[in-house]
Amino acid sequence: MNLFDNPGGEMLVKAMLKLETEEECRAFLEDLMTGREIADCGQRLWVAKLLDQQLVYSRIAEITGASSATISRVNRSLLNGAGGYENVLERMKEQEDK
């Protein structure tokens, strides 16, 4: 089953595409998610960035505080996922290079 093949999932994707500024995104995420969920998602993205930079698990755990299970999960997504991390990381790199 597709995770987004339902009215709520479809709305979530469409809602995120409507956000135009960092401020709007922060407000939406704060309303949508708990503080813990935001922290967990941010940590996963940070882990993905460090894995993309070829850091080893022990160093990533030391830097981010992420568990080896979280690092492994993110790594599996990077290797066999839908490509979401890669797209975002590449676009963030392009933005940093400007």
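1. Glu22 and Arg26 both belong to helix α2 (residues 22-32) and sit 4 residues apart, about one turn of the helix. Helices here are DSSP runs of H or I with at least four residues, and strands are runs of E with at least two, numbered from the N terminus. The side chains of Glu22 and Arg26 meet in a salt bridge at 3.6 Å, N to O. A salt bridge is a side-chain nitrogen of Lys or Arg within 4 Å of a carboxyl oxygen of Asp or Glu. Both Glu22 and Arg26 are exposed. Exposed means over 50% relative accessible area, buried under 20%, and partly exposed in between, with a 1.4 Å probe and protein chains only.

2. A note on the source. This is a predicted model, in which local features need pLDDT of at least 70 and side-chain atom pairs count only at pLDDT 80 or more, while totals for chains, interfaces and linings use all residues. Residues are numbered from 1 along each chain as its sequence is written, and side-chain values use heavy atoms, with hydrogens and water left out.

3. The whole structure holds 5 salt bridges, and two further ones are described here. Asp40 and Arg36, both in helix α3, are 4 residues apart, about one turn of the helix. Their side chains meet at 2.6 Å, N to O. Asp40 is partly exposed, with a relative accessible area of 21%, whereas Arg36 is exposed at 55%.

4. Glu62 counts as exposed at 59% relative accessibility. Arg59 is partly exposed, and its relative accessible area is 38%.

5. The largest nonpolar core has 11 residues: Val47, Ala48, Leu50, Leu51, Ile60, Ala66, Ile71, Val74, Leu78, Tyr85 and Leu89. At least two residues of this core come from each of α3 (35-52), α5 (68-80) and α6 (84-97). Helix α3 gives the largest share, 4 residues. A nonpolar core is a set of buried Ala, Val, Leu, Ile, Met, Phe, Trp, Tyr and Cys residues joined through side-chain atoms within 4.5 Å.

6. Leu50 is one of the core residues. Apart from neighbours within four places in sequence, Leu50 is in contact with Leu55, Ile60, Ile63 and Thr64. Contact means heavy atoms within 4.5 Å.

7. Thr64 lies in helix α4 and is buried, with a relative accessible area of 11%. The side chain of Thr64 reaches the backbone oxygen of Ile60 at 2.7 Å. With neighbours within four places in sequence set aside, Thr64 is in contact with Gln43, Trp46, Val47 and Leu50.

8. Not counting residues up to four places away in sequence, Gln43 touches Thr64, Gly65, Ala66 and Thr70.

9. Lys49 is another residue of helix α3. Lys49 is partly exposed, with a relative accessible area of 34%. Residues up to four places away in sequence aside, Lys49 touches Leu89 and Glu96. Lys49 and Lys93 are 44 residues apart in sequence, and their C-alpha atoms are 10.0 Å apart in space.

10. Gln54 is in the loop between α3 and α4 (57-64). Although Gln54 is not a glycine, its phi is positive, about 70 degrees. Gln54 is exposed, with a relative accessible area of 68%.

11. A nonpolar patch on the surface is formed by Leu3, Phe4, Leu12, Val13, Met16, Leu17 and Leu32, with about 690 Å² of accessible area together. Patches are made of residues with over 30% relative accessible area and no salt bridge, like charges being joined within 9 Å and nonpolar side chains (Val, Leu, Ile, Met, Phe, Trp, Tyr) within 5 Å. Accessible areas come from the Shrake-Rupley method with a 1.4 Å probe, and for residues only the protein chains shown count as cover. Helix α1 (residues 7-18) supplies the largest share of the patch, 4 residues. Phe4 sits in the segment before α1 and is partly exposed, with a relative accessible area of 40%.

Notes:
Polar contact = N/O pair within 3.5 Å; in protein donor to acceptor, adjacent residues only side chain to side chain.
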